[in-house]
Amino acid sequence: MARQLAEVLGADEEEILVSGKRKGRLGLLRCVFEALAEIKPRIHGMRHDPRDYDIVVIGSPVWAARVSSPVRSYLCRYASVMPRVALFCTMSSSGAEQCLAEMGALLDPHAEVIERDRFPGVALDDGDFWSETRGRRKLRKFADAVVSIPVA
């Protein structure tokens with residue numbers, strides 16, 4: 001989804017990389033544990049500095065109704081230097097509202113330009129991915145909201 005969004009926006013994309021396996025049953029348990037325990041794993045391989053952008057779009061999968069631990073690390077590391085932020089999350093069933101709220105809360109202490117209930121956020125679930133029309137429509141609406149954010 002992030003790649004599709006970057007393509008629609010004509011934006012650079014950045015993958016948040018962490019060490020350790022997160023595939024299979026043990027990987028799933030690790031993801032759930034890290035999300036619930038609010039662990040911030042070390043992230044590496046960042047190619048882009050968020051200070052170089054007027055707007056940063058950040059996405060996270062929903063892990064146990066929480067932000068993923070790699071995205072938590074990114075938000076904590078860069079919250080104080082990002083000018084404007086738009087958030088999205090992906091999920092298989094539920095938890096988007098909590099995930100987006102947590103992401104916003106991690107930004108709140110530093111994000112004077114973010115108005116709590118007004119910054120763009122969107123959640124896409126499995127149904128959106130299986131329904132190409134619905135998923136594309138949500139993605140376009142979110143991209144239009146991001147483009148309309150005033151730049152200082």
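Colleague: I'd like to start with R72; in which helix does R72 lie?

Modeller: R72 lies in helix α3. Helices here are DSSP runs of H or I with at least four residues, strands are E runs of at least two, and both are numbered from the N terminus. This is a predicted model, so local features need pLDDT of at least 70 and side-chain atom pairs pLDDT 80 or more, while totals for chains, interfaces and linings use all residues. Residues are numbered from 1 along each chain as its sequence is written, and side-chain values use heavy atoms, leaving out hydrogens and water.

Colleague: Is R72 buried or exposed?

Modeller: With a relative accessible area of 2%, R72 is buried. The cut-offs are under 20% for buried and over 50% for exposed, with partly exposed in between (1.4 Å probe, protein chains only).

Colleague: Which backbone oxygens does the R72 side chain reach?

Modeller: The backbone oxygen of A35 is 3.4 Å from a polar atom of the R72 side chain, and the side chain also reaches the backbone oxygen of I39 at 3.4 Å. A polar contact is a pair of N or O atoms within 3.5 Å; within protein, one must be able to donate a hydrogen and the other to accept it, and residues adjacent in sequence count only if both atoms are side-chain atoms. Leaving aside neighbours within four places in sequence, R72 is in contact (heavy atoms within 4.5 Å) with residues including E34, E38, R66 and E102.

Colleague: What about the greasy part?

Modeller: In soluble globular proteins, nonpolar side chains tend to be buried together. A nonpolar core is a set of buried Ala, Val, Leu, Ile, Met, Phe, Trp, Tyr and Cys residues joined through side-chain atoms within 4.5 Å. The largest one has 21 residues, and I58, Y74, L75, M82, L87, M103 and L107 touch the most other members. At least two residues each come from β3, α3 (69-78), β5 (85-91) and α4 (96-107), with α4 giving the largest share, five residues.

Colleague: Which residues does I58 touch?

Modeller: Not counting residues up to four places away in sequence, I58 touches V71, Y74, L75, M82, V85, A86, L87, F88 and M103. There's also a second, separate core of nine residues, among them F88, L139, A143 and I149.

Colleague: And how do I read aromatic pairs?

Modeller: You describe a pair of aromatic rings by the distance of the centres and the angle of the planes. Rings of Phe, Tyr and Trp (its six-membered ring) pair if their centres lie within 6.5 Å; planes under 30 degrees apart are stacked, over 60 edge-to-face, the rest tilted. That rule gives two aromatic pairs here. Y74 and Y78 make a tilted one, 4.7 Å centre to centre with 50 degrees between the planes. Because they are four residues apart in helix α3, about one helical turn separates Y74 and Y78, and both are buried.

Colleague: What is the geometry of the F88 and F142 pair?

Modeller: F88 and F142 sit edge-to-face, 6.1 Å centre to centre and 70 degrees between the planes. F88 lies in strand β5 and F142 in helix α6 (residues 132-147), so this pair ties together parts 54 residues apart in sequence. F88 and F142 are both buried.

Colleague: How many helices and strands does the chain have?

Modeller: There are six helices and six strands. Of the 152 residues in the chain, 39% are buried.
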